[in-house]
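Thank you all for coming.

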Amino acid sequence: MLPFKLLFHLCLFNFAESCLKIRYPGPPKCECPSLLLNWENFKEYDVTGVVRDGESHISSFPLLVLEDENCTVSMYCSGDQELVVFDTDKTHEFLNYPADGMCDPYTQKWLIGDNEGTLITVNRLYGICWKLLNQQPPVTQVPVTPEPACSNCELADFEKQDMHGINFGYLWPYIYTEDGCISMDMICERTDDLECRDVEIYAENYDGNFPIATYKNATFASVRLVCDSRGFRLHYNSIMEIGMLKCMFTDCR
Ligand SMILES: *[C@@H]1O[C@H](CO)[C@@H](O)[C@H](O)[C@H]1NC(C)=O
Ligand SMILES: *[C@@H]1O[C@H](CO)[C@@H](O)[C@H](O)[C@H]1NC(C)=O
């Protein structure tokens, strides 16, 4: 605001002719064109294509203050948005500065102080507030569910025998590996107060029964199973095509 106020007063005293006429009775009305644009309608005025789709974030209308019977103007953006004004032949980037100025009723053109304090002539004050996307904190992307061949995986059954005091099952959700395949953690834990000498998770396939727990303590065991392009069921290392999982505690007290 300040640089313009200064300019305005300089104007009043120095080239009084064009400025002071505003105050004489009977000057033309100030009807310099101004318009607040948004992301839906800015494109038809963006003659130079400076605000690019996809890279730009347009969040709000500029704010517009017209005073002295529309002869003085201030157009600006809120927050850290930057003001861009689309003139008929060029684009003025005001960055974080306001476009302050006055309408010359004889030419119906705006005289605006640019962000370096220089007076420029603007045929129309059509403004938009925008921000480059890469100046924003990165947007957290919602992970897109990948559809690789290996994600079509059947989970192994697990034995739901009398599991009193035991919680046995898959730990949801899936873990997606880098190639888009899935991993699942199978856990077996005591929900009562018993502690056991051993706990084991067994995987059954066509070749037999295999202990596969990779982490164990007195109340808990777990293993990470993988589904990838090598099979249509979960596997653990070389134990492929697991059809059934079991959990077994021994010597609990
Ligand atoms: C100022 O401009 C507004 C919007 O164009 C208009 O409605 C209003 O009548 C104008 N005021 C004067 C004093 O011309
Ligand atoms: C066993 O490991 C699980 C999982 O890490 C943990 O929650 C639990 O407290 C551990 N129990 C004992 C007795 O160390």
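This is a predicted model: local features need pLDDT of at least 70, side-chain atom pairs count only at pLDDT 80 or more; totals for chains, interfaces and linings use all residues.

**Starting from Val85**

Leaving aside residues up to four places away in sequence, Val85 touches His92, Phe94, Ala99, Val122, Leu125, Tyr126 and Gly127, where two residues are in contact if their C-beta atoms, placed from the backbone, lie within 7 Å. Residues are numbered from 1 along each chain as its sequence is written, and chains are lettered from A and ligands numbered from 1 in the order in which they are written.

The pLDDT, which is the predictor's confidence in each residue, from 0 to 100, averages 80 for the protein, and 75% of the residues score at least 70. Over residues 1-16, however, the pLDDT is below 50, and this stretch has 14 contacts in the model beyond near neighbours in sequence.

Overall, the protein has 2 helices and 18 strands, these being DSSP runs numbered from the N terminus, with helices (H or I) of at least four residues and strands (E) of at least two. Of its 253 residues, 23% count as buried; a residue is buried if 20 or more other C-beta atoms lie within 10 Å of its own, exposed if 12 or fewer, and partly exposed in between, with C-beta atoms placed from the backbone.

Which residues touch the most other members of the largest nonpolar core? They are Leu83, Val84, Val85, Ala99, Trp110 and Leu125, out of 24 residues in that core, a core being a set of buried Ala, Val, Leu, Ile, Met, Phe, Trp, Tyr and Cys residues joined through C-beta atoms within 7 Å. Strands E4 (72-76), E5 (82-86), E7 (99-104), E8 (109-113) and E10 (125-132) each supply at least two residues of this core, and E10 gives the most, with 5 residues. A second, separate core of 22 residues includes Ala156, Cys181, Cys188 and Ile242.

Let me turn to the strand pairing, for which DSSP must find at least two bridges between two strands. Strand E18 (residues 244-252) pairs with strand E11 (residues 157-158) in the parallel sense over 2 bridges, and Phe158 has Leu245 in E18 as its bridge partner. E18 also runs antiparallel to strand E14 (residues 196-205), to which 8 bridges join it, and here Ala203 stands opposite Leu245.

Elsewhere, an open sheet of 4 strands has the order E12-E13-E17-E16, with antiparallel pairing, and its edge strands, E12 (166-176) and E16 (215-216), each pair on one side only.

Two loop residues deserve a look. Gln108, in the loop between E7 and E8, has a positive phi near 55° although it is not a glycine, and Gln108 is partly exposed, with 15 other C-beta atoms within 10 Å. Glu241, in the loop between E17 and E18, likewise has a positive phi, near 50°, in a residue other than glycine.

Finally, the ligands: the residues around ligand 1 are Lys29, Leu66, Glu69 and Asn70, counting a residue as near if its C-beta atom, placed from the backbone, lies within 6 Å. Around ligand 2 are Asn217, Ala218, Thr219 and Phe220.
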